[in-house]
Amino acid sequence: MDIDFLWIGAGLAVFGYFIGDGLKNFKNPKGSPSGHPTLIKEKDLYIYLGLRPEEVKELLVKYPEAPKLVLKGTTYYPYEHFTQWLSSEDIYKNR
């Protein structure tokens, strides 16, 4: 009988740990809801666009008005804004 209470107690302790760990970041989840990072470094942009690094470099040279942020010398691209810009008709006009 004592061993049964031991297993019940251990199960409740594990249950409490996982519930507490899940609630720790309840109001402040990591990442964005879409599963993509909010900001992407320029050197990693090709991974999220599914292009080769050379193609991304050519794209950024051809379209310097692409939405970006420069912080302390590092260029970041906002993922959602960049993909909306890329799929908009604005970049295909007059080219």
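Buried means under 20% relative accessible area, exposed means over 50%, and partly exposed lies in between, with a 1.4 Å probe and protein chains only. With that scale in hand, welcome to a short tour.

The model is predicted, so local features need pLDDT of at least 70 and side-chain atom pairs count only at pLDDT 80 or more, while totals for chains, interfaces and linings use all residues. Residues are numbered from 1 along each chain as its sequence is written, and side-chain values use heavy atoms, with hydrogens and water left out.

## Overall layout

The protein has 4 helices and 3 strands; helices (H or I, at least four residues) and strands (E, at least two) are DSSP runs, numbered from the N terminus. Read from the N terminus, the elements follow the order α-β-α-α-β-β-α. Of the 95 residues, 20% count as buried. Contact means heavy atoms within 4.5 Å, and among contacts with a separation of 6 or more, 48% are between residues 24 or more positions apart. The accessible surface comes to about 7900 Å², and carbon and sulfur atoms hold 60% of that area; accessible areas come from the Shrake-Rupley method with a 1.4 Å probe, and for residues only the protein chains shown count as cover.

## The core and its aromatic rings

A nonpolar core is a set of buried Ala, Val, Leu, Ile, Met, Phe, Trp, Tyr and Cys residues joined through side-chain atoms within 4.5 Å. The largest one here has 13 residues, and Leu45, Leu60, Ala66, Tyr77, Phe82 and Trp85 have the most contacts inside it. Helices α2 (45–49), α3 (53–62) and α4 (79–87) each give two or more residues to this core.

Which residues does tryptophan 85 touch, leaving aside those up to four places away in sequence? The list is Tyr63, Glu65, Ala66, Pro67 and Ile91. Tryptophan 85 is itself buried, at a relative accessible area of 12%.

Rings of Phe, Tyr and Trp (its six-membered ring) pair if their centres lie within 6.5 Å; planes under 30 degrees apart count as stacked, over 60 as edge-to-face and the rest as tilted. The whole structure holds 4 aromatic pairs. One of them joins tyrosine 48 and tyrosine 79 in an edge-to-face arrangement, 6.3 Å centre to centre with 70 degrees between the planes. Tyrosine 48 sits in helix α2 and tyrosine 79 in helix α4, so this pair ties together parts that are 31 residues apart in sequence. Tyrosine 48 is partly exposed, at 35% relative accessibility, whereas tyrosine 79 is buried, at 14%.

Another pair, phenylalanine 82 with tryptophan 85, is tilted, with 5.4 Å centre to centre and 45 degrees between the planes. Both residues belong to helix α4 and stand 3 residues apart, about one turn of the helix. Phenylalanine 82 counts as buried because its relative accessibility is 1%. Ring pairs also link Tyr63, Tyr77, Phe82 and Trp85 into a cluster.

## Charged pairs

Side chains of opposite charge can pair when their charged atoms come close. A salt bridge is a side-chain nitrogen of Lys or Arg within 4 Å of a carboxyl oxygen of Asp or Glu, and the structure holds 3 of them.

| Aspartate 44 | Lysine 43 | 3.9 Å |

Arg52, Glu54 and Glu55 are linked in a network of salt bridges. Glutamate 55 is partly exposed, at 30% relative accessibility.

## Loops and surface

Lysine 43 lies in the loop between β1 (39–41) and α2. Its C-alpha is 8.8 Å from that of threonine 75, although the two are 32 residues apart in sequence.

Most residues other than glycine have a negative phi, and most peptide bonds are trans. Lysine 72 has a positive phi of about 50 degrees although it is not a glycine. This residue lies in the loop between β2 (69–71) and β3 (74–78), and lysine 72 is exposed, at 88% relative accessibility.

Finally, Phe5, Ile8, Leu12, Phe15 and Ile19 make a nonpolar surface patch of about 550 Å². Patches are made of residues with over 30% relative accessible area and no salt bridge: like charges are joined within 9 Å, nonpolar side chains (Val, Leu, Ile, Met, Phe, Trp, Tyr) within 5 Å.
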